[in-house]
Amino acid sequence: MAAIPESPGTVITGSTPGIQEGELKIHEYQAKEILRRFGAATPRGKVTDDPSEARKLCEEFGGSCVVKAQIHAGGRGKGGGVKLARSGEEAQQLASEILGMQLVTPQTGPEGQEVRTILVEEAVDIASEYYLAVTLDREAGRPIVMASAAGGMNIEEVAAENPEAIVREAFDPHLGLLPFQARNVVRRLGLTGGTARQAQKLVAALARTYVEVDASLAEINPMLVTGSGDVLALDAKMTFDDNALFRHPEIREMRDLSEENPLEVEAGKSGLNYIKLDGDIGCMVNGAGLAMATMDIIKLFGGEPANFLDVGGSASREAVSNAFRLLVGDPNVKAVLINIFGGIARTDRIAAGVVDALAELGEIGMPVVVRLEGTNVEQGRQILRDADFDFVVASEMGDAARKAVAAVGGNG
């Protein structure tokens, strides 16, 4: 995510995917469904996976519509996933082209994301576009409304090159965004009259949505003003904190597993924190802090981590075995680094789980570097020594990283 200069506590969603542990993403059409519950105005639209239905919908909307790919990534317009149709026939043709395409945007990576559904939405007269979002200002410890008159697809560039163009209004989550604060945001955007009143309503609705559904980000980009002065949420994006989803089963049901990395989905079934990265050294650690340190030290020695995998402090032998299978199942992984500092976690349980996985997998065709310290460390090391597999044993974390990098042909 691209940080807004001079305000490290707030972010604007950018083009570089990062580690966002514990977040649920939903589609644009789902975000708009939630916004409408809180009084936000959106264009009329319906989701479909049938080009012939896209034609009928476009005709219902007066013969002019927008066909929008539904994937969990921004930049869809730049990637060719958002098209204007001026007839029902054209809407059907565009839907046929977009459905099934491998849409590549700055947020999907070079492999892209398959489009399985589209949103067919009425075309509206756009007079001006604005950026509007609510997220957490970690420095202030409060939610913050961010808005800009320079809305649209290039908001990341605006944030980086012209940060004073971003309006910020922090608010107390217990009180909610107060009316004068919503008026202040809209006034600084330069809106007046009836348009300003509609914009205030939309700003307030977004802030209320953010708080009540436990979102980590609620974004409207663009918020548009039509030629007649109406204010609508033309596009919407939301992410949610996994830890709060027990309060929102209806949002949990919106999860689309087809949009997520299959390895990450499989890890979740075992209660593992796993995030796929682009390197070739698979990492198994216990604790998020140790995971970050392990990735850092791999890069320090010239290597690239293939994942973030935290087995946690209470992972069972079975969960550890599943974790190891995930690591070696990644075709990009050329070596595995197991870096365990046992506090709550027992190193013998970790070692036993890895040996179980190796017994099941057989020949894996890659080196496994192991560094164990902490609870039951001697028992853990003995399990590794007794195993049929020839582990590469490291004395400490730097030694482990160096050996792992060397094993994949790096500088280690």
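**Group meeting: cores, loops and backbone angles**

Let's start at methionine 223. Leaving aside neighbours within four places in sequence, methionine 223 is in contact with Ser128, Glu129, Tyr130, Leu132, Leu189, Leu191, Leu202, Val231 and Leu232. Contact means heavy atoms within 4.5 Å.

A word on the source. This is a predicted model, where local features need pLDDT of at least 70 and side-chain atom pairs count only at pLDDT 80 or more, while totals for chains, interfaces and linings use all residues. Residues are numbered from 1 along each chain as its sequence is written, and side-chain values use heavy atoms, with hydrogens and water left out.

Now the core. Which residues have the most contacts inside the largest nonpolar core? They are Ile34, Leu132, Leu191, Met223 and Phe240, in a core of 42 residues. A nonpolar core is a set of buried Ala, Val, Leu, Ile, Met, Phe, Trp, Tyr and Cys residues joined through side-chain atoms within 4.5 Å. Buried means under 20% relative accessible area, exposed means over 50%, and partly exposed is in between, using a 1.4 Å probe and protein chains only.

Several elements give two or more residues to this core, including helix H1 (28-37), strand S10 (126-137), helix H6 (193-212) and strand S13 (215-226). H6 provides the largest share, eight residues. Helices (H or I, at least four residues) and strands (E, at least two) are DSSP runs, numbered from the N terminus. Another core lies apart from this one, with 31 residues, among them Ala323, Leu326, Val333 and Val336. In soluble globular proteins, nonpolar side chains tend to be buried together.

Next, alanine 41. Its place is the loop between H1 and strand S4 (45-48). Is alanine 41 buried or partly exposed? Alanine 41 counts as partly exposed because its relative accessible area is 31%. Leaving aside neighbours within four places in sequence, alanine 41 is in contact with Leu202, Val231, Leu232 and Ala233. The C-alpha atoms of alanine 41 and lysine 201 are separated by 9.1 Å, with the two residues 160 apart along the chain.

Another loop. Isoleucine 166 sits between helix H4 (155-161) and strand S12 (167-170). Isoleucine 166 has 3% relative accessibility, so it counts as buried. Its C-alpha atom is separated by 9.7 Å from that of arginine 188, 22 residues apart along the chain.

Leucine 178 is in the loop between S12 and H5. With a relative accessible area of 32%, leucine 178 is partly exposed.

On to the backbone. Where is the cis peptide bond that has omega of about 10°? This bond joins asparagine 221 and proline 222. Proline 222 is found in strand S13.

Then positive phi. Aspartate 214 is not a glycine, yet has a positive phi of about 60°. Its place is in the loop between H6 and S13. Asparagine 376 is also a residue other than glycine, and its phi is positive, near 60°. Asparagine 376 is found in the loop between strand S20 (368-374) and helix H12 (377-386). Asparagine 376 counts as partly exposed, because its relative accessibility is 26%.

Last, the cysteines. A disulfide is a covalent bond between the sulfur atoms of two cysteines. The rule here asks for a pair of cysteine sulfur atoms within 2.5 Å. How many disulfides does this rule count? The count comes to zero. Cysteine 65 counts as buried because its relative accessibility is 0%. Cysteine 283 is at 3%, so it counts as buried.
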